[in-house]
Amino acid sequence: MKKLFNIILCAIMVLSFTACSRKSDNTQIPNPFLDCKTIKDAEEIAGFKVTAPEEIPEGYTESVIQAIKGDLVQIIYKNGENEITFRQAKKGKESKDISGDYNKYDETHTIIIGDLEVVMKGNGGKVSNALWTNGDSIFSITVTPGEAGIDKTDMIHMIESIR
């Protein structure tokens, strides 16, 4: 009787471990970005006027325009495997980092460009991320791969060209 009880107890434990180890929920969060054909389409979705850079580093071309309803617009410029992502969002109660770049960088500097206070992050003298606010909007420019970055002067020219 004791032997039968131990076998049943072992079987119950094995079954419970098996049941607990199964993934019961592989639900994924839906992508909030909607693809747009034009910046005007993105403005209608986001609900604000987009002021994108008029100058981008040589070799990069506009590749993707996307928007999140009532919130954010992003424009991705590509040069082969390299990307520059420009984002603009409505400024909420709190200023927030809209870049989506969670890398850690060795260098962080705050610089003044015109009347803008811009936080730039990067490694080895190159800039991989810039974040600032202007009026009712928050802006970011992120370079991927982040390890490579771009020259500080190229980033400044991009920011200065936003009108």
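Let's start with what covers the buried residues of helix H3: the cover includes strands E4, E5, E6, E7 and E8. Please keep in mind that this is a predicted model. The buried residues I mean are Met155, Met158 and Ile159. If you look down the axis of H3, they fall within an arc of 95 degrees, so they line one face of the helix. There is a handy rule behind that: an α-helix has 3.6 residues a turn, so residues three or four places apart point the same way.

H3 itself runs from residue 152 to 160 and packs on the sheet, where it touches E4, E5, E6, E7 and E8. Its direction makes about 145 degrees with that of E6, the strand at 116–122.

Now, what is the order of the strands in this sheet? Reading across, you get E1-E2-E3-E4-E8-E7-E6-E5, eight strands in an open sheet with antiparallel pairing. At the edges stand E1, residues 34–36, and E5, residues 107–113; each has a single partner strand, so one side of each is left without a neighbour in the sheet. On average, neighbouring strands are turned by 20 degrees against each other, direction ignored.

Let me zoom in on the pairing of E4 with E8. How many bridges join these two strands? There are eight, between residues 82–90 of E4 and residues 137–144 of E8, and the two strands run antiparallel. As one example, Lys90 has Ser137 in E8 as its bridge partner.

Staying with E4 and E8, let's turn to the aromatic rings. Searching the whole structure gives two aromatic pairs. One of them is Phe86 with Phe139, a tilted pair at 6.1 Å centre to centre, with 40 degrees between the planes. Phe86 sits in E4 and Phe139 in E8, so this pair ties together parts that are 53 residues apart in sequence.

Put together, the ring pairs link Phe86, Trp132 and Phe139 into a cluster.

Let's finish with helix H2, residues 39–46. This helix lies across E1, E2, E3 and E4, and runs at about 20 degrees to E2, the strand at 61–68. Which residues of H2 are buried? They are Ala42, Glu43 and Ala46. Seen down the helix axis, they fall within an arc of 105 degrees, so they line one face of H2. Their cover includes E1, E2, E3 and E4.

On the other side of H2 you will find Lys40 and Glu44, which are exposed. And just after the helix comes Gly47, with a positive phi of about 90 degrees.

So, to recap while you look at the model: H2 lies across E1, E2, E3 and E4, H3 touches E4, E5, E6, E7 and E8, and Phe86, Trp132 and Phe139 form a cluster of rings.

Key:
Residues numbered from 1 in each chain as written. Predicted model: local features only at pLDDT ≥ 70, side-chain atom pairs only at ≥ 80, totals over all residues. Heavy atoms only, no water. Pairing = 2+ DSSP bridges. Helix = DSSP H or I, 4+ residues; strand = E, 2+ residues; numbered from the N terminus. Axes fitted to C-alpha atoms, helices over the stretch in contact; angles between N-to-C directions. Contact = heavy atoms within 4.5 Å. Buried < 20%, exposed > 50% of the residue type's maximum accessible area, 1.4 Å probe, protein only. Arc of directions from axis to C-beta. Phe/Tyr/Trp six-rings, centres within 6.5 Å; stacked < 30°, edge-to-face > 60°.
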